[in-house]
Amino acid sequence: MAESGASALSPAPSVRSPLVHAERFVWLHARVLEQRLFAHRFLNGGADPVERALDAYRNEDGGYGHALEPDLRGPVSQPLHTGHALGVLDAIGRCGGQRVERVCRYLTSVSTADGALPAVGPGRHGYPTAPYVRVADHPPSDLLATGPVVGLLHRNEVWHAWLFRATDFCWRAVESLEQARPGEIEAAVAFLDAVPDRPRAEAAADRLGRLVRTQRLATPTADRSPDRPVGAGHASGERSFGRFPHDFARTPRSLARAWFTDGEMARSLDLLAAQQQEDGGWPNRRPEWAPGAALETRGMATIEALRTLQAHGRHVG
């Protein structure tokens, strides 16, 4: 007689797809904005709900605040918040028109003397901020803040006077990178993938690829060693995860894709897929300094991981 309990003939338990597994995490833990982004990208949801959720973070000056970028709390508009907002608008195909005109006016108002953006503008005093984020009264220009914004605006064919000097700054910064930090390379790629001068962009990307290889900025393992380089605006003691090929080449069309062999990219994507955690979300790759900020960042990381896997042709569900 068969013993009670599971039979050898019982069907194997169903295996949830990465997308189904992630969906539970998003509805349980993510912000409304990420919930609506998830629905738009993966569940045929509309763009209007995403834009309405994003509007909750918009200020009268045309910038965005209210912890849209979770490491900067408080209501004050900041370049990093505003760059994040442009990324959301780009994701839903609405990075243009009057909404982006208002954003560009804000970017002009907070730019440094050379026309670029600081990582964190003045006005942070008194609001909670991640301990590894530097707050200065007179912050310098920063490629990490400027490069992705300029790239997004070029990709969406936005025409605004702010772009002229900001683009010139990015060219100077990218072409002068030598001892680069991984975050700077990511920002440079975001710029180079979209800037109109394609021959110049391809030449710059080829040089950066050699830097990435010789300086070993793309690691095959999850390394959190304290001597890992950190991005501008972060404290010198910050411990961060290493970067992987998929962090630089988020899509197969990226100029950074040529930096890695097919085998290296496949192993990188395998690692990304394997990082999905038991609760369905992807890990927070930033130092965890506050529970709320850490959970909000995981919602963002989960959507980004799924987008990267899907862009490279991996089946997510």
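Where is the place of Asn-59? Asn-59 sits in the loop between helix H3 (47-55) and helix H4 (79-91). This is a predicted model: local features need pLDDT of at least 70, side-chain atom pairs count only at pLDDT 80 or more, and totals for chains, interfaces and linings use all residues. Residues are numbered from 1 along each chain as its sequence is written, and side-chain values use heavy atoms, with hydrogens and water left out.

**View 1. Asn-59 in its loop.** Asn-59 counts as buried because its relative accessibility is 16% (buried means under 20% relative accessible area, with a 1.4 Å probe and protein chains only). Leaving aside neighbours within four places in sequence, Asn-59 is in contact (heavy atoms within 4.5 Å) with Tyr-64, Gly-65, His-66, Pro-75, Val-76 and Ser-77.

**View 2. Helix H7, residues 162-175.** Helices are DSSP runs (H or I, at least four residues), numbered from the N terminus. The buried residues of H7 include Trp-162, Phe-169 and Trp-171. Helices H5 (97-110), H6 (143-155), H8 (182-192) and H9 (198-214) are among what covers the buried residues of H7.

**View 3. The largest nonpolar core.** A nonpolar core is a set of buried Ala, Val, Leu, Ile, Met, Phe, Trp, Tyr and Cys residues joined through side-chain atoms within 4.5 Å. The largest has 75 residues, and Leu-153, Ile-185 and Leu-192 have the most contacts inside it. H7 gives the largest share of this core, eight residues.

**View 4. Leu-192 and its contacts.** Beyond neighbours within four places in sequence, the contacts of Leu-192 include Trp-171, Val-174, Arg-198 and Leu-255.

Note on methods. Helices (H or I, at least four residues) and strands (E, at least two) are DSSP runs, numbered from the N terminus. The expected span of a helix is 1.5 Å times one less than its number of residues. Buried means under 20% relative accessible area, exposed over 50%, partly exposed in between (1.4 Å probe, protein chains only).
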